[in-house]
Each structure stands twice: as structure tokens, then as C-alpha cells.
Amino acid sequence: PVYIVPVFEKHAVTEVHLAAKLDIVVPEAAALKPAAEPDSTLALSPLLSSSPASLVVVDIKDGEPDMESKKNIPGPATLGFAVEKTLADGGPRPKAEGGGPGAKPLETTIARAVVLGDADFATNAILGTFADGNPLFAENVITWAAGSRKKLDIGPKDPGIATLGADLTESGALWILLSTAVLIPGTILSTGLFVWVRRRAR
């Protein structure tokens, strides 16, 4: 399929989507997996997974995927990871810095990153069409990775944005296409022809 709607794994980045049952659309996402010998200083947490019915296509010839190849890997596949690394472990404040009983301990410094198998989910075309889940997910990814203390939640919606949900059917999309590309222009054209013919008849 052109679009893959992933399954959310439990994490601070995804908890809002899980609670509100919001979907996101990730066009042609790539599958990710940890290295065979991962860095022991990194903590990896899966964020997104494809459905069990998905297929990781690895056999591509001349730009065309071979859907029947035995090299392809059946899903589910991980599509995103949250990564954390401790740079400075918090502990008792040294006496030279005012340490002692009751002193505020040092803060633990943690570096964060989010690795996703798709970047198109945050493009204008996708954000403008699926404006419920995708913009919120992009905001939550940035907020969490930046270490912001802001609570991840659903913000107010812009009433000026009209959106189409991820559940848009083929018949619905066809009707939108016909009405905007055929029906409306056809009505304008036929009205113009009618007026022109009447004026010629006079």
C-alpha cells in the first residue's frame, strides 16, 4: 500500500495518540532494527510498528518491488525508535558546590533523539491532509527530543483548517475528484454556453 498506518507502542511520545486513538500516516516507511551489537550506553524504545499484515519489501529490481520474492520479510516491522543516552549521572552535590545534608542533588543529563523510517509524514502535503494525528506526532517528537517539560497533549484545533481523515474511502475520494474537476467546471461551462446561445439567438 502507498500508506502505512502504524501501531503505536507505549511511550511518552505516543501516549496521547494511544489515549485519543489518533492515527498517523507514514508514506512508504522503511523498517528499522537495532544493530547486531548495539551500543550499551543507548536505550532504545520502539515507537511505531506496522501491522502483522504488512510486508517489508527488500527485493527491488529496476525500481520495481518484487512482492512475491522470498527475500521479503513479513510484518510487523518497527518504524521508529526513541533513543536516550545518559551523559552525566545525577548524584550527591560535591561539598565544594554546596553539597551536604538537604542539598539539592545534581540533575541527570540525558541526550535524546527520535529515529523514524519516514520523513514525509511531516511534509506540508501530509500535514495539510491528515491534520489530526500527524502534526501532533511531529510536535510530540520534537518536544520530547528537546527535553521540554511541556506536557504532551492535544492542543486546540485551528477552525480555519479543513482536513480529510485517514479513513477516506476510494469512492469518497472519487466523488471529491469528480465534483471539483468535472461537476463544478462543467456547471460553469454549461451556464456560459447557455447565456452565449441565448444572446446569439437574439
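Guide: Start with Leu-178, which is partly exposed, with a relative accessible area of 40%. Buried here means under 20% relative accessible area, exposed means over 50%, and partly exposed is what lies in between, with a 1.4 Å probe and protein chains only. The model is a predicted one: local features need pLDDT of at least 70, side-chain atom pairs count only at pLDDT 80 or more, and totals for chains, interfaces and linings use all residues. Residues are numbered from 1 along each chain as its sequence is written, and side-chain values use heavy atoms, with hydrogens and water left out.

Leu-178 is found in helix H4, residues 170-201. Helices (H or I, at least four residues) and strands (E, at least two) are DSSP runs, numbered from the N terminus. Leu-178 is part of a nonpolar surface patch together with Leu-174, Trp-175, Ile-176, Leu-177, Val-182, Leu-183, Ile-184 and Ile-188. The accessible area of this patch is about 880 Å² together. Such areas come from the Shrake-Rupley method with a 1.4 Å probe, and for residues only the protein chains shown count as cover. Patches are made of residues with over 30% relative accessible area and no salt bridge; like charges are joined within 9 Å, and nonpolar side chains (Val, Leu, Ile, Met, Phe, Trp, Tyr) within 5 Å.

The protein chain has four helices and ten strands. Their order along the sequence is β-β-α-β-β-β-β-β-β-β-β-α-α-α. Of its 202 residues, 23% count as buried. The accessible surface of the protein chain comes to about 14200 Å², and 59% of that belongs to carbon and sulfur atoms.

From the surface, turn to the interior. In soluble globular proteins, nonpolar side chains tend to be buried together. A nonpolar core is a set of buried Ala, Val, Leu, Ile, Met, Phe, Trp, Tyr and Cys residues joined through side-chain atoms within 4.5 Å. The largest one here has 14 residues, and those with the most contacts inside it are Val-13, Ile-24, Val-26, Leu-48 and Phe-137. Strand S4 (42-49), strand S9 (78-88) and helix H3 each supply at least two residues of this core. The largest share, four residues, comes from H3.

Contact means heavy atoms within 4.5 Å. Leaving aside neighbours within four places in sequence, Leu-48 is in contact with residues including Phe-8, Ile-24, Leu-79, Leu-116 and Phe-137. Leu-47 is found in strand S4 and is buried, at a relative accessible area of 0%. Among the residues that Leu-47 touches, not counting those up to four places away in sequence, are Val-7, Phe-8, Val-13, Phe-81 and Val-114. Leu-47 and Lys-10 lie 7.1 Å apart in space, C-alpha to C-alpha, although 37 residues separate them in sequence.

Phe-137 also takes part in ring pairs. Rings of Phe, Tyr and Trp (its six-membered ring) pair if their centres lie within 6.5 Å; planes under 30 degrees apart count as stacked, over 60 as edge-to-face and the rest as tilted. By this rule there are two aromatic pairs. Phe-8 and Phe-137 make a tilted one, 6.3 Å centre to centre with 55 degrees between the planes. That pair links distant parts of the chain, with Phe-8 in strand S2 (residues 7-8) and Phe-137 in helix H3 (residues 133-145), 129 residues apart. Phe-8 is buried at 11% relative accessible area, and Phe-137 is buried at 1%. Phe-121 and Phe-137 make an edge-to-face pair, 5.6 Å centre to centre with 65 degrees between the planes. Here Phe-121 sits in the loop between strand S10 (109-116) and helix H2 (124-129), 16 residues from Phe-137. Phe-121 counts as buried, at 7% relative accessibility.

Last comes charge. A salt bridge is a side-chain nitrogen of Lys or Arg within 4 Å of a carboxyl oxygen of Asp or Glu. A search of the whole structure finds one: Arg-112 with Glu-84, the closest N and O atoms being 3.2 Å apart. Arg-112 is in strand S10 and Glu-84 in strand S9, 28 residues apart. Arg-112 is partly exposed at 32% relative accessibility, and Glu-84 is partly exposed at 24%.
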